[in-house]
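Have it open while you read, and check the spots as we go.

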Amino acid sequence: PLLIKARSGGGGRGIRKVNSVDEVEHAFETATAEAQGAFGDGAVYMEKFMRPARHIEIQLICDDYGNVVCLGERECSVQRKNQKLVEESPSPAVSPELRERMMAASVLAAKAVDYRGLGTVEYLLDTQNNFYFMEMNTRLQVEHPVTELVTDIDLVKWQIRVAAGVPLNFRQQDVSLSGACLECRINATRPGTLTMLHVPGGPWVRFDTALYQGYSIPPFYDSMIAKLIVHAQTREEAMRKMIAALCE
């Protein structure tokens with residue numbers, strides 16, 4: 001099996017799975033039409049379909065002076081309709097040795113295109129710890145708070161600083177991952193007015209949103225309306241904290 005994917009795709013759109021040669025033409029036509037409608041670019045490509053696979057991404061920051069620093073990985077394997085739902089760092093599937101290999105590959109990719117600013121190199125990881133390049137997101141991502149909490153580095157601040165020509169004041173050896181962090185995307189399945197809003201709180205509980213009581217959720221945009229992020233010393237404690245925050 002293989003996947004036909006939109007080259008300008010995002011948000012899980014413009015993807016079609018192909019199980020046999022007979023399905024190629026229809027899958028190509030529907031993927032192309034969806035990509036053209038969603039992104040204004042109908043071009044597609046084909047890649048090997050992998051299952052089971054994990055979605056692992058490496059956060060990079062690159063300045064104007066040749067410094068490329070990796071800020072660990074995020075696991076984004078829990079998805080719905082090819083859109084991420086839960087993200088965490090560090091990944092329970094990534095060993096220190098594998099992390100070094102993935103970061104080294106990501107640095108090579110960034111340097112090959114002389115990349116500047118924040119970026120994320122995304123991979124598929126198979127059960128034998130082989131990882132395959134999927135795409136690079138050349139921007140700040142939804143799940144950036146996960147990396148901020150485990151590294152104690154403000155990615156928004158450093159994105160702006162690097163764009164202004166400020167050199168990084170830390171190196172790879174200065175970066176360490178502390179504890180465990182989880183993020184859940186909060187999605188609205190239909191438009192409507194938010195009649196009641198209670199924001200969860202407590203130590204190391206972060207809620208990123210533009211919501212307020214009385215806010216009308218429009219039908220025109222992505223379904224995500226908030227992000228709930230928690231940090232703890234262990235993954236098990238982070239999961240307990242996330243469940244408690246979600247219950248709030």
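**Notes on the model**

1. Let's start on the surface: Arg-190 is exposed, its relative accessible area being 64%. For the wording used throughout, buried means under 20% relative accessible area, exposed over 50%, and partly exposed in between (1.4 Å probe, protein chains only). Arg-190 sits in the loop between strand 9 (180-187) and strand 10 (192-193). Helices (H or I, at least four residues) and strands (E, at least two) are DSSP runs, numbered from the N terminus. Along the chain Pro-218 is 28 residues away from Arg-190, yet their C-alpha atoms are separated by 8.5 Å.

2. Before going further, a word on what we're looking at. This is a predicted model, where local features need pLDDT of at least 70 and side-chain atom pairs count only at pLDDT 80 or more, while totals for chains, interfaces and linings use all residues. Residues are numbered from 1 along each chain as its sequence is written, and side-chain values use heavy atoms, with hydrogens and water left out.

3. Now the overall build. The protein chain comes to five helices and 13 strands. Its C-alpha trace spans about 55 × 50 × 40 Å along the principal axes. Does the radius of gyration agree or disagree with a compact globule? It agrees, because a compact globule of 248 residues would have a value near 18 Å and the protein chain has 19 Å. That radius is taken over C-alpha atoms, and the globule rule is 2.2 Å times the number of residues to the power 0.38.

4. Take the contacts (heavy atoms within 4.5 Å) between residues at least 6 apart in sequence: 62% of them join residues at least 24 apart. The protein chain exposes about 13,300 Å², with carbon and sulfur atoms supplying 54% of it. Those areas come from the Shrake-Rupley method with a 1.4 Å probe; for residues, only the protein chains shown count as cover.

5. Where does His-231 lie? Its place is in strand 13 (residues 224-232). His-231 is buried, with a relative accessible area of 5%. Leaving out residues up to four places away in sequence, His-231 touches Leu-149, Val-150, Ser-178, Gly-179, Ala-180, Cys-181, Trp-204 and Lys-241. A polar atom of the His-231 side chain lies 3.5 Å from the backbone oxygen of Leu-149.

6. Two cis peptide bonds are worth a look. One joins Arg-51 and Pro-52, with omega about 0°, and Pro-52 is in the loop between strand 3 (44-48) and strand 4 (54-62). Another runs from Ser-89 to Pro-90, with omega near -5°; Pro-90 belongs to the loop between strand 6 (83-89) and helix 2 (96-112).

7. Last, some backbone angles to check. Asn-82 is not a glycine, although its phi is positive at about 65°. Asn-82 is in the loop between strand 5 (68-80) and strand 6 and counts as partly exposed at 46% relative accessibility. Asp-152, also a residue other than glycine, has a positive phi near 60°. Asp-152 lies in the loop between helix 3 (144-151) and helix 4 (155-163), and is exposed, with a relative accessible area of 72%.

Terms used
Polar contact = N/O pair within 3.5 Å; in protein donor to acceptor, adjacent residues only side chain to side chain.
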